[in-house]
Amino acid sequence: MSSVDEVLEVAQHDDLLVPRPVPWGGIVARLRASSGLRRLVPAPLAMAVLDLGQRLAVARNPKRLETGRAAMRAVVGNTPLEGDLERLAFRHLCAWARGWELMWRPWLLAKMPVEGLEQLDGIEPGRGVVFSAPHFGPLVGMAALPQHVGPIHAAVGEHQVSGDLPAGYNGYQIEQVRKVVGRFGFVPVRAIGSARTFTTVLKEGGRVLINLDVPGKTPVQFLGKTVELMSGTARLAASTDAVVVPVVPLPRGHKWYVHVGAPLDPRDFPSWEDLLQAVATAVEELVLRAPEYLEDPLRDGGWAVADRDGWRRSA
């Protein structure tokens, strides 16, 4: 058995994939978290109702829109889309609810077309692949990808795999992420200390998924501004001779598809810093197709400062 198989076997028997009970939080929370009930309501109708709910909420309290404005100001500021800020601000408020609606409909996530897979054909056999994705759209928007490329090791936060779940709807949300991650071929790895596992997997020619938009110390040009990012994506690729492949779930009308970008080879760049910049540039082009779906950079665990001029890890 190869070392990557051993890592996979351990991960499958670790507690990361074991269901955790959600404390009862009332019948309303349970019904909100029901995938079965959602089979009775077409997704386009559900999305329209969610959008209407946001519109009514903003009408009652216009200050709610300022959250969307701040997020979109940080995302599209200093880009050609800055003039569309007001429309994007409202759409950003709708995006989170839309993303979660898809999470409660995992059969739709699994059926998402995956476009660009032919670009992976040129990767040399035996080389690892780092799939690089932003926090964009549905939480597990790449659910369909492992069906085409095989198991993918993905980092998950501690709140998703340890400790007691909160009661009610939020607890059901956390548990739903675990279910989707495990059901569709992802191998969850605790984010803290994940570098060792990822290095082993990549050196054995395996695949990992790492989020690009995580606060760090490395400045790159992203979305028309200087953004401080974690360097793990590029460092891991460079140290293991793995290629980096940008992947983003993108909306198309009322449906979604997974876009697979052109592989970026660390051998083609003089340093991991240059590779990281190339990855950020490739992801930027995809994000700007529907920027309202990018997770708010001012979210909990995000950047201390994020505006049109840059995102900084500390104030």
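Helix H2 (27–32) and helix H4 (43–60) each supply at least two residues of a nonpolar patch, where helices are DSSP runs of H or I with at least four residues and strands are runs of E with at least two, numbered from the N terminus. This is a predicted model, in which local features need pLDDT of at least 70 and side-chain atom pairs count only at pLDDT 80 or more, while totals for chains, interfaces and linings use all residues. Residues are numbered from 1 along each chain as its sequence is written, and side-chain values use heavy atoms, with hydrogens and water left out.

**Nonpolar patch**
- H2 gives the largest share of the nonpolar patch, three residues.
- Tryptophan 24 lies in the loop between helix H1 (3–13) and H2, and tryptophan 24 is exposed, with a relative accessible area of 57% (exposed means over 50%, buried under 20%, and partly exposed in between, with a 1.4 Å probe and protein chains only).

**Helix H9**
- Helix H9 (residues 169–183) is mostly covered, as eleven of its 15 residues are buried, among them Tyr169, Ile174, Arg178 and Val181.
- The cover over the buried residues of H9 includes H2, helix H3 (35–38), H6, helix H7 (106–110) and strand E4 (186–190), counted by contact, meaning heavy atoms within 4.5 Å.
- Just after H9, glycine 185 adopts a positive phi of about 95°.

**Helix H6**
- A kink of about 30° in H6 is centred on cysteine 94, the bend at a residue being the angle between axes fitted to the seven residues ending there and the seven starting there.
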